[in-house]
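Morning, everyone. I'd like to take you through one structure today, starting with its charged pairs and then turning to its strands. Have a look at it first.

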Amino acid sequence: QVQLVESGGGLVQAGGSLRLSCAASGRTFSSYTMGWFRRAPGKEREFVAAISWSGGSTYYADSVKGRFTISRDNAKNTVYLQMNSLKPEDTAVYYCAADAVPPGNYSGSYYPYEYDYWGQGTQVTVSS
């Protein structure tokens, strides 16, 4: 069982930056690949970024590539999402998620159904 708690959301002007954090409970954090998703008003949850167990591999949605960076600190049981050059269309509730992928080949997990545990979400609002 993994519990995830996001923080770091807020209101920011377009062009600004925010860093989201997701703290995980338990001693097996490093055995999970992690992802960030978002849900904008009236839209379905969409993939933002994912990271492998050690952080050596990262994957991004085209809409955030070059602006967002996912990272993790396994010693702190925390995954981060650094968001730069924010746009109004980035406004959404952001969720982190943990995927119990068996050790081996990993090429990213892009769909919500692939993840086993979810946080409660943190609101990000970008004003124009």
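Searching the whole structure turns up four salt bridges. Keep in mind that this is a predicted model.

Let's take some of the pairs in turn. Start with Glu46 and Arg38. Their side chains form a salt bridge, at 2.6 Å from N to O. Arg38 is buried, at 6%. The cut-off for buried is under 20%, so Arg38 falls within it.

Next pair. Lys65 and Asp62 also meet through their side chains, in a salt bridge of 3.2 Å, N to O. Asp62 has a relative accessibility of 68%. Exposed means over 50%, so Asp62 counts as exposed.

Now Asp90 and Arg67. This salt bridge is 2.7 Å, again N to O. Where do the two residues sit in the chain? Asp90 is in the loop between strand 8, residues 78-83, and strand 9, residues 92-99. Arg67 is in the loop between strand 6, residues 58-60, and strand 7, residues 68-73. The pair therefore ties together parts that lie 23 residues apart in sequence. Asp90 and Arg67 are both buried.

Now put some of these together. Which residues are linked in a network of salt bridges? Arg38, Glu46, Arg67 and Asp90. So much for the charges.

On to strand 8. Strand 8 is mostly covered. Of its six residues, five are buried.

What does strand 8 pair with? Take strand 3 to begin with, residues 18-24. Strand 3 and strand 8 are antiparallel, with six bridges between them. For a landmark in that pairing, look at Cys22: it stands opposite Val79 of strand 8.

Then there is strand 7. Strand 7 and strand 8 also run antiparallel, and six bridges join them. Here, Ile70 has Leu81 in strand 8 as its bridge partner.

Strand 7 and strand 8 form a hairpin, with four residues between the strands. Which residue in that hairpin takes a positive phi? Asn77 does, with a phi near 55 degrees.

Arg38, Glu46, Arg67 and Asp90 belong to a salt-bridge network. And strand 8, mostly covered, pairs antiparallel with strand 3 and with strand 7. That's it from me. Thank you.

Technical notes: Residues are numbered from 1 along each chain as its sequence is written. This is a predicted model: local features need pLDDT of at least 70, side-chain atom pairs count only at pLDDT 80 or more; totals for chains, interfaces and linings use all residues. Side-chain values use heavy atoms; hydrogens and water are left out. Buried means under 20% relative accessible area, exposed over 50%, partly exposed in between (1.4 Å probe, protein chains only). Two strands pair if DSSP finds at least two bridges between them.
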